[in-house]
Structure formats: structure tokens, C-alpha cells
Amino acid sequence: MLAPSEHPTFKDPLADVILRSADNVHFRLHKIVLSLASDFFSDMFSLPQPGRGGTAASPSSTLNSESETVDGLPVIPVTESSAALESLFCLCYPIDDPPLETVEQVRPTLEAALKYQMREAIKITTARLRDLAVIAPMRVFAIASRLSLIDVVIVAANAVRDLGIQDTYVDELEEISVEAYRQLLDYCTATPGSVNATPAPPFMQSFGEAPMFGPAGFDLLDCYSLEYAMNTTFNPTGAELVLHTADDIRLGVSKDILTLSSPVFAKELQSNGGRQAPVQQPTVLTVPESAEVMVALLRICYPIPDVPITGAGVELVSVLEAAERYQMDKAVEHIQRELLERVHDDSPSGAHHLPLYLVACRLGMRWLAKKAAYRTLRRNLLKELAGAEVRELAWLGVSAGCVWRLLEYHRQCKAAVRSVVDGARIGSIDSIPWFSPEWKDKLKKSCQCCMLSYANWLPCWFGSYMDAIGNEEWPSGATAVGDTALESCSTGAYIDGCETCRRVTSFPTMVNFSKFVQEVIDQREQEVRTTRPCLAIHGLTYIYNTYRDPGRYVCSGGIPPCLLEDAVSQLTRPTDDIFGSSSGGIYAMILVHVRARRDGDTLRQKRPLRTRKKQQLQQQHRRRHEGG
């Protein structure tokens, strides 16, 4: 560890306490100033320090008689950076206020002021954050929502709605809850005069904490009660091993089955081998899970008929996390298989796919998230986000960023489908990019009048058919082969068509063409890939421009300078789509420019190695020829 450095401003020799920042910088301060500015430090310094005659230290070392000292002064380590502490202490001391002009400067200072209960610093930094809502409203909204600053939240929400940028991604979305983001979306999309259009929603739903025994109505087992399990399969009476659960229930289990099912339990039981229980007394292991979770988990491991786990989110997450914690591979595979079956369940409501997507995000199951997200297409996500089943998942800690990625996936799928429909309404058959060569030849030969108009080559019924599909805001593959589209197709052929298109023999061509359009629409949606927001939204050119002129792009809500290094490092590996699968390579030229700027080199495009060697060989050949 490097030796700590002294801060150039806060180095008064009359100081009586030292605060050490996370980056190992010492701030020599005065207890009286900190006590007057901060209730936190006032209470801390009032606590007696054993062996130091009342000298106080940090809460973690208040009772430690061997606290670190420098020059006889107690050293209090804190978790904030030196930049944040410098701005914070400048607000406490009678010196010039710090330049709090960007979100990157205001946020850490405000968080530190709230942590240490510095009233005046909180007042000043909150006002600065409110002013920044005009420049970066989405970021300010997320930060204020996380910090429960209701006045700032409302100001930022109004700015987001006025600018219509609620669909913009910011990194701070990963820190707020789904419910807070849903309230913002409802507020921004609500019609004037409605309940959601009033700037009163709290927008403050932070990540909930998991209840000890699950939420209300926590029912893991279908047709299999906990009382029945305790009296039959898991009766603790006479059992050789008892699991003592978090809700103070004892479950009798087979030691052999538990040992074979879980290496974790096997190791625990082996370590307890030297501490034998009294005669006729079972071995007792205490587990942090509830009895319902353990019963559902153990039933998968026991050689008895499987009982399905009810619920789409909370229950499965609890059981799966317990299975992974105890390394029960059979249970993990069983639950994953059940999740996959639920994804493919095409019930009329389909409301379970959104909770499954959120559960998959929570568990890091990208393959499941991708399948569940595809099943949510063309559904009203805002309405489903307000449902009871999604709100029940609040304590899982799923971030708003997961919802943004799902909404962005919807937007890109919709745009891909609209490009198929809208791009076919104008131009000739050769100008439609999604036409296969086979169908180009078929359509050219299917219509007699089109043979006379070489510039078009489209059959008479084509326009009516594409208009019928395009009437839907987000057409699907089923729309392409639906009765409405085919009826419009045949009607257009009989009313406006030529003699060839009016014949009954042309109808099979229409039906086959509709199936081809269905395949194209489904394929376009399946090909949609969304890169991660730091690269997809800001873009590599944006990163490069930020390097050239950081102030301009930071003020417009771009990537802050402190994050540019992380952005550059991400360019060295393939980008990921929103579900985690690889979707691209490396943008080498931009990477070279950015790294050159970072390293202080002259911006220039480096030539590939093969090109340089080729030029060197050409020069050598030229010199030999001139010398000869």
C-alpha cells in the first residue's frame, strides 16, 4: 500500500483529527468544525474512546484501543474519495465553495453530506442537483429517486416529460427500482387531466429487502401442505438429522439423501463428525431458509413424485438460490427445466412472461431472459408492470435498467417489422430489399399488366395486401397470414386487378406469398440484437468526440470523463446484446483513436500489420531494382 499523501488545502498543523479517504489522502481537520457541521461527527466525537481519554475514532474502531494514529492524531478511515471529501469539507469550512457544476461533482458530495448528516452541505448540494435537472433530467431523476429527494424528483420528472426523453438510457437506471421507473413512464405518457398526469407520485420505490419468510401469500407447494410434509416425509420424530429453519420449524431428513444431494451439507456433516450428538439425539443443522423453501427443495431431491412449484417469481427465486447455495445440481436443473416450460406456455393471458423475464434478470439466466422477452412482444408492458405479480418481485432487487432493455428490445423489434411493411409500399420490386430472388421471379410472372410495366413488376393485389398489414401499429407474422390481410388481397385483385390477377389460380400465389411475408417478419424480429447501453446509446463516435471535447458532451448528458476509461476498456472485447449473447466485434479504428488520445499520442489511424509489411517489401524491391 502506498504511503498516504497530505491534502494541499486541509493540512492545518492545529488540526486534531485526520480523515483518510478511500484513495489514501489525509485530511487534517478540526473536531469542533466537524461537530458543528455534522450531527454524525458530533455524536461520534462525544463517544468515549477506551484508553485515549475521550479521543474518538470511527464507528468501526470506537471501541478499539489500538486505533491508528499519525503525529498523535487519530486517523478515521472513510469510504469516500478525496475529490468528494474536498468538496464536502469546502462547504463546511469558511473558504470558497467548490465548483459543483456537473452531476459527477454533485452526486458524490451530496451522498457524503447525507451520510454524515451535514445540514448546510445537504441544502447546497440538493439545490445544485435540482439545477442540473435542466441539463441531465434522467440522471438527476434516478439519483434523486435513489436518495429520496422528492422535490428534486418532481422537478426532474417534469423536465423528462417536457423533453420526451423517458426512453433514454442512463447508467443510473441500474440503481433504481422497476417501480420507480414505471411511475416515471406512466407520468410521462399519461394524458393531461388523468390521475397519472399529476406530479405527485413519489417515484421513490427503492429496492425492497427480502422478507424473512417470503411475501404475503407465499405458497410454494401445490396440493402439498407444510403440515402434511412435517407429519409424513419430513417428520422430525426419530429422524437422524434435523434441519432447523429460519421460521423455527424442524424438518426431519435422511442424512444419506442430503449428503448425496448436496456437497455443502456433506462437508458440514463431516465437520460435525467429531461433535457427536448425545445418544438418541439427532444431529441438528440450522439453515437460513424458511421451512417452505426447504420442503420444496428437498422434495426435488427425494425419490418421490415431483410437486410443481407455484408462482412465477418469488417462490422459484427462493428455491433456486437455495439450490445453488447448497450445490444441489439436480434441483437446479429441475427448476431451470420448469422455468423453460413456463416460458413456452402460451396461455391466453401471457402475463407470466414479464415476471419470468425479471426473474431471469435477477438470477443472471440470460438464455431464459431472451426467451421470455421474445414472448412479451406486442404486450402492454406498462400495464403489466403495474400488476400485482410484478410488484411482488420488488424485493428481488431487479433494476430499472432491465426494464429499459426490454422496452428497447420492443422498440427495435417494432422498427424492424415496420421497415418490412413501410419499405414495400413504394418503389419497384427490385427496390424492396427483403424480397428473395425466387419471389421476385414469381411475382414478375404472376401479373399480365405488370409485364407491360417493367418499372413496377408488382402484382395488382400487392398494394392492398401490404396496406392491410400496415394498418396495424405493430404487425406480426400472424397478421400476414390472417383472414383480414388475405381478404384485402383478394378484394384488391378483383376490384383493381387485371385479368390475370382476377383468376382463381392467382389465389394460391397470394397465400404462399403471405406465408413468405410471415417468415420475413418473424426472422426480422429474431435477428434484433441490442448492444449494451454504454455503446449502443452513446456510440463509439460519441466516446471519441467526448475525448476531444469532454466539457461539451458531459454537459449534454454524455459519458463523464471518469467513465471514459471504462468505456475504452469495453471496446477491447466483443459487445453483448441485452441478453448477453455475443453480437459484434471490435471497432478497431475508433479504439486506436481513443487510446491514442488517452495515451497522449498524436491522433492517427494505424495501418494494419499486413499493409505495413507489404509496403516494406515493395520499398526493398524498389531499392534493389534501382541499385541494379
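Reader: How are α15 and α19 oriented to each other in this model?

Author: Start with the general idea. Two packed helices are described by the angle between their axes and the distance between the axes. Now the case here, in a predicted model. Helix α15 covers residues 353-363, and helix α19 covers residues 400-422. They pack at an angle of about 125 degrees. Their axes are 10 Å apart. α15 and α19 are therefore oblique to each other.

Reader: Which hand does the crossing of α15 and α19 have?

Author: The crossing is right-handed.

Reader: Which residues of α15 and α19 make the contact?

Author: From α15 come Leu-354, Tyr-357, Leu-358 and Cys-361. From α19 come Cys-402, Val-403, Arg-405 and Leu-406. Sort these contact residues by kind: seven are nonpolar, none is polar and one is charged.

Reader: Now the strands. What is the order of the strands in the open sheet?

Author: The order is β1-β3-β2-β5-β4. That is five strands, with mixed pairing.

Reader: Which strands stand at the edges, and why is one side of each left without a neighbour in the sheet?

Author: The edge strands are β1 and β4. Each has a single partner strand, so one side of each has no neighbour in the sheet.

Reader: In which sense do β1 and β3 pair?

Author: Strand β1, residues 5-11, pairs with β3 in the parallel sense. Three bridges join this pair. Look at Lys-11: its bridge partner in β3 is Arg-28.

Reader: How many bridges join β2 to β3?

Author: Four, and the two strands run antiparallel. Strand β2 covers residues 17-20. Leu-19 has Phe-27 of β3 as its bridge partner. β2 and β3 also form a hairpin, with four residues between them. Find Asn-24 in that turn: its phi is positive, about 65 degrees.

Reader: Which helix lies across β1, β2 and β3?

Author: Helix α3, residues 82-92. α3 runs at about 15 degrees to β3.

Key: Residues numbered from 1 in each chain as written. Predicted model: local features only at pLDDT ≥ 70, side-chain atom pairs only at ≥ 80, totals over all residues. Heavy atoms only, no water. Axes fitted to C-alpha atoms, helices over the stretch in contact; angles between N-to-C directions. Parallel < 35°, antiparallel > 145°, perpendicular 65-115°, else oblique. Left-handed = near helix turned anticlockwise from the far one by under 90°. Contact = heavy atoms within 4.5 Å. Nonpolar A, V, L, I, M, F, W, Y, C, P; charged D, E, K, R; others polar. Pairing = 2+ DSSP bridges.
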